Amino acid sequence: MLTDIEIAQKAELKKIRDVAASIGLDEDEIENYGPYMAKFSDEYLKKIENRPYGKLILVTAINPTPAGEGKTTVTIGLGDALTRAGKKTMIALREPSLGPCFGIKGGAAGGGYAQVVPMEKLNLHFTGDFHAITSANNLLAAALDNHLQQGNQLGIDPKRILFKRCLDMNDRALRNIVIGMGKRMDGVVREDHFIITVATEVMAILCLAEDIHDLYDRLSRIIVAYTYGGKPVTAADLKVVGSMTVLLKDAIRPNLIQTLEHTPAVVHGGPFANIAHGCNSVRATKTALRSADYVVTEAGFGADLGAEKFLNIKCRMAELKPDAVVLVATVRALKYNGGVAKADLSNENVEALEAGIANLGKHIENLKKFGMNPVVTLNRFVSDTDAEIEVVRRYCAERGCTLTVSEVWARGGEGGAELARAVLEELGSGRNHYHPLYGSDLSLREKIETISREIYGADGVEYSSEAARALDTAEAEGYGAFPVCMAKTQYSLSDDPKKLGRPENFTVSIREAYVSAGAGFVVAIAGSIMTMPGLPKVPAAEQIGIDEEGRTVGLF
C-alpha cells in the first residue's frame, strides 16, 4: 500500500495556470510560485468584490482521538465528488503549521486519494506566509524591547507586557524565558515568552482582515503592554505597523493549489482551533465563494472548537453563513470514546460503540443550536462492520440527520459520491437557517458561560483571580461586545482531555484571559492548554528525510 506522500509524488498535476483557468481566471490574474502554486493577484481580488456568493459547506468533526477522524480528507474528497457531479467547486483550507508536521499530528494535506498537492511544499514552507507572519510578530516584539532600552518614553511597565514572541515550531523550552541578559546595551532584563505562530494575534488578524487597509488598522490596535499608570500601549504607539504591513503584503493574498483530481483549492492562513480561532482566512473563503458555485471548507478539531468559532466568530465578523454542515466521525473513534483501547479498535464492539456514540450526539445537538442540521458521514475503515454502521445510521435517523459512508481516502472523489448527494439534498431542504449561539450584548462572562454550558455541557465556570481581573478590565476598556475565543483541549468536550464521550457534572476552569483587540475577540484559556506545544517523546521529525534520489520521505 502506498503512503500518502508516495501517492502525492506519483500524481500528475496540472499547471496552476490551467487550474486557475478552470474557474475563469486569466494567466495574468495569478502570481506563480513555481508551476503548481500561485497567489491570486490584487487585481483579481478587486475584480470579483461584487460577485454573488456560491453555497458554503462547512466540514467539522467529533472530538479527535488517536484512532483518527479524517476531517480534512473528507473535505477534499467531498470537493472532488461535487466536481465529479458537474458542480463548479472549490475547496478552502488552512495552511499546515511546521509544529505538528515535525511533532505528532503530521501535515494537513488530507490523505490517501483525497489530498491537496503539491503535498510536500504545502506541509513545509509553501509560499512563505507563516514566515512573514513570524517576522511581522517578532518585529513588533523587537520594537517593544528597543523602546524599553532607548528610554521608555511611553512609560511601559515591564511587568505588564502582554505581547509575546513566536516561532512556528513546537519548542516547550521557549515558553518562559529571560531576555536582555549581558551588558547594558544588550537590552532590559525581563521575563518573556514564546507562543507558536499559529496562535498569535498577527495570524488571527491576517485571517480576519478584509483587505490590506483593514490589516493595517487591525495591527495598529494590538495591545502590547500597559503603562505604569495602567494605560494600554498599542502597536500603533510603537510606530512599526507600516513595516509589519509591508512584511505581510504578499502573505495576505490567498494561495491557489489543486487536489489530486484537479479541483481548485484555496489554502490560506492557519490558526489552531484549540488555542486560536481555527479557520482559514476570510479573504480565502470569500475569494472561493465569488469564484465557484460550491465551496467546501473546514474548521479545526471537533465541532466544539473549530465549528463553534467558525459560527460564532468568523461568520459574525465576515457576515458569512454556511448553507450546510457535514459532521465527520469514524466507528473506531466512537468505540474509543466508549472505552476501547486503541489496539482493539479493529474488533467489532457494538456495546462500546453505543456507549461512545454520545459524543457524536452532543455535536449534532450543538450544531442544531446554530440552526444547522448536519449531514453525518462515517469515514470508513476496512474493519468497520455492517452491524456497527447500522447502529450509527439508526442513531442519526433518530436525530433527524442523514448518515453517509465516505470512502474518499481509498477512492478519492468517487468514494464521496454518497456524501455529495446527501449534501446537495440538504442544501435544497430548507432546513438550515444559521444564527450565532449568543448575542454581542451579553457580558464576556455570559458568553464564556453560554459556550461552556451549551456547547461543552458544563455545569458552570470557575475563574482564576487573574482571569476575573482581565475580564473586568476588558469590559471597562470597551471590549465587552467582542466574541470569545475559547482555548481548551481538543480531546474532550470538557477542559480535561481524559474525559471522553459526553462528560457530565464538570466545571470549566478559566485560568487566563486577554484581549486580542486587533483580531476583535477576547481569548479565554481553559484548563492546562498551552499556547506553545511541545514535541512528543518520538517526534515525527525523526522519520523525515531525503532518499538517494533526492525525494522527501517520511512526511505524512
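## Basis

This is a predicted model, in which local features need pLDDT of at least 70 and side-chain atom pairs count only at pLDDT 80 or more, while totals for chains, interfaces and linings use all residues. Residues are numbered from 1 along each chain as its sequence is written, and side-chain values use heavy atoms, with hydrogens and water left out.

## Overall form

The protein has 21 helices and 25 strands. Both are DSSP runs, numbered from the N terminus: helices are H or I with at least four residues, strands are E with at least two. The C-alpha trace spans about 70 × 60 × 50 Å along its principal axes.

Of the 556 residues, 59% count as buried. Buried means under 20% relative accessible area, exposed means over 50%, and partly exposed lies in between (1.4 Å probe, protein chains only). Contact means heavy atoms within 4.5 Å. Among contacts between residues at least 6 apart in sequence, 74% join residues at least 24 apart.

## Nonpolar cores

A nonpolar core is a set of buried Ala, Val, Leu, Ile, Met, Phe, Trp, Tyr and Cys residues joined through side-chain atoms within 4.5 Å. The largest one has 139 residues, and Leu248 and Leu360 have the most contacts inside it. Helix α7 gives the largest share of this core, nine residues. A second, separate core has 38 residues, including Ile57, Ala81, Val328 and Val408.

Leaving aside neighbours within four places in sequence, Leu360 touches Ile62, Leu327, Ala329, Leu334, Val376, Val392, Tyr395 and Cys396.

## Cavity and pocket

Rolling a probe the size of a water molecule over the atoms shows where empty space is left. The search runs on a 1 Å grid over the protein atoms alone: a cavity is a set of points where a 1.4 Å probe fits but cannot get out, a pocket is an open set with protein on both sides within 12 Å along at least five of seven lines, and lining residues have an atom within 4 Å of a point. Grid points are joined across faces, edges and corners, and a volume is the space filled by probe spheres set on the points. The count comes to one cavity of 30 Å³ or more. The largest cavity holds about 80 Å³. Its lining includes Glu95, Leu122, Phe126, Asp129 and His131. Helix α7 (residues 129–149) supplies the largest share of that lining, three residues. By class, the lining has six nonpolar, three polar and three charged residues. Here Ala, Val, Leu, Ile, Met, Phe, Trp, Tyr, Cys and Pro count as nonpolar, Asp, Glu, Lys and Arg as charged, and the others, Gly among them, as polar.

The second largest pocket holds about 1400 Å³. It is lined by 49 residues, of which Ile161, Leu162, Lys164, Glu512 and Tyr514 lie nearest its centre. The elements that each supply at least two lining residues include β7 (156–161), α8 (201–208), α21 (465–476) and β22. This lining divides into 29 nonpolar, seven polar and 13 charged residues.

## Backbone points

The peptide bond from Val117 to Pro118 is cis, with omega near 5°. Pro118 sits in the loop between β6 (114–117) and α6 (119–123).

Two non-glycine residues have positive phi. Lys239 has a phi of about 65°, in the loop between α10 (235–238) and α11 (241–248). Lys239 is exposed, at 75% relative accessibility. Asn505 has a phi of about 55°, in the loop between β21 (484–487) and β22 (507–516). Asn505 is exposed too, with a relative accessible area of 66%.

Asp4 belongs to helix α1 (residues 4–10). Asp4 is buried, with a relative accessible area of 19%. Beyond four places in sequence, Asp4 contacts Gly110, Gly111, Gly112, Gln115, Met119 and Trp409.

Pro539 lies in the loop between β23 (521–526) and β24 (545–546). Pro539 is buried at 11% relative accessible area. Beyond four places in sequence, Pro539 contacts Phe102 and Gly103. Pro539 and Gly527 are 12 residues apart in sequence and 24 Å apart in space, C-alpha to C-alpha.
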